[in-house]
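Let's take a look at the charged pairs in this one, and then at a helix. Have the sequence and the 3D view open side by side.

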Amino acid sequence: MTKKILSLILAAAVIALSGCNGGGTAQTTTTAAVAPSEAWEYEMYIEDLDYFMDKYFQNYFPAKNAMAIMDAVSLKDYLENALEALAELKKVIYPPNLEEVHSDFLYSVDLAEELMECNLKISDYIARADSLTDEDYGELEVIYAEVDDILAKMDEGDGILNAWFGAQKAAYSYLPNGGYKAYSAELESLWDTYVTEINLFTEVFFNGAEGDAITLSNDCLSLLSRIEDIEAPEQLKIYHDDVLKAIQTERNLYQTVISLVQLNSEYREIAFEDRPADVQEQTKEYSETIDAYYSEENIEYYALYEAVIAALESADTLAGQ
C-alpha cells in the first residue's frame, strides 16, 4: 500500500510542476489608450521583470528535481522561495500604456502561485509518505483535482514563461531597435536558465548527486525547444539557424541519457553480465554515444554555446545602431 501511494504522489507531483510552458491565447482586457511612457520606465520595467523571473526559475527547476526524488525538505524551501519571487512580481510597477499586457502577465503569475501553493501542500504529505493514511490519500485526491483545474486554465492561456516574454516584447517595442533587444533578452534568459539546468543535470548524472536524471533531461529538452521557438528578426535569422542546428546534437544527448537510464532501471536487479546480449550491446552503445559527446575530440561540444554567443553579439550590435 505504501509503495503504491508513493508512486501516485510522485506521478502527480511531477505533473503538478509541469505548468511552465503554457500556450494559446492569453487573457486580455480592454483599456483606454494611454500615452507612451519615458524610455527609462520601460527599461526599469523590463529589469524588474527579469530579476524576479530569474529568481523564480532558479527555484522552479530545482523544485521539480526535489519533487521527483521526494526530497520534502528541499522541495519546501524551493517552493517558498519561488512563491516569494512571484509575490515580488505582483509589485512590479508597469508603464500605464502596458496595462493590458501586464494584466495578462499577472494572470499567469496568479496561476503559477496557485500551483506552487498546491505543491507546498503536497510536500507535507511527501514528508510523511511512509505513514500516510486513507484519509491522507483522500485529501491528496482533492489537491490533485485542484492542480488539474489550474493546469487546465494554464492551457487556455499563456504559461508564465510565454507571458513574461510577451511583456518583455511589448516594453521593448517602445525602445529604439526594440526587436533586436527583445530577441537578445529572450535568448539570454533562456540560455542562462538552460545552463543552470545543465549544471544540475551534470551533478546528478555524472557526479552522483541525488536527483532524477530523466526529469532533468526532459527539462533541458523543454528549454531547448523553447529556444527553437524564439522568433528571430530577419537580420538575425542566419545566426538563429546556427543555434537551431547545434540544438540537434544537444537534444540527441538528453534523449540518449533518458534511454540509458530507463534501460538500466528496467534491469536494475540483474547484474550487467547476466543481462541479455542485446541489452548489454544497447547499453554500451548508449554509453559510447554519451562519452563521445563529452570527449575532447568532439568539435560539436561547444557548438551551441558558440552559436548562442554569436547570435547574442549580433543582436546587441544591431540593437546599438
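A salt bridge here is a side-chain nitrogen of Lys or Arg within 4 Å of a carboxyl oxygen of Asp or Glu. Before going on, a word on the source: this is a predicted model, so local features need pLDDT of at least 70 and side-chain atom pairs count only at pLDDT 80 or more, while totals for chains, interfaces and linings use all residues. Residues are numbered from 1 along each chain as its sequence is written, and side-chain values use heavy atoms, with hydrogens and water left out.

By that cut-off, the structure has eleven salt bridges. Here are some of them:

| Pair | N to O distance |
|---|---|
| Arg251 and Glu228 | 2.7 Å |
| Lys90 and Asp110 | 3.1 Å |
| Lys121 and Glu146 | 3.7 Å |

Start with Arg251 and Glu228, whose closest N and O atoms sit 2.7 Å apart. This pair links distant parts of the chain, with Arg251 in helix 9 (residues 237–266) and Glu228 in helix 8 (residues 213–228), 23 residues apart. Helices, by the way, are DSSP runs of H or I with at least four residues, numbered from the N terminus.

Next up, Lys90 meets Asp110 at 3.1 Å, N to O. Lys90 is in the loop between helix 3 (72–89) and helix 4 (99–127), and Asp110 is in helix 4, so to speak a link between distant parts of the chain, 20 residues apart. Lys90 counts as partly exposed at 36% relative accessibility, and Asp110 is partly exposed too, at 29%.

Then there's Lys121 with Glu146, at 3.7 Å from N to O. Lys121 lies in helix 4 and Glu146 in helix 5, so this pair ties together parts that are 25 residues apart in sequence. Lys121 is partly exposed at 38%, and Glu146 is partly exposed at 35%.

That brings us to helix 5 itself. Helix 5 covers residues 134–156, 23 residues in total, and reaches 34 Å from its first C-alpha to its last. That is close to the 33 Å expected at 1.5 Å a residue, where the expected span is 1.5 Å times one less than the number of residues. Which residues of helix 5 are buried? They are Asp136, Leu140, Ile143, Tyr144, Val147, Ile150, Leu151 and Met154.

Note on methods. Helices (H or I, at least four residues) and strands (E, at least two) are DSSP runs, numbered from the N terminus. Buried means under 20% relative accessible area, exposed over 50%, partly exposed in between (1.4 Å probe, protein chains only).
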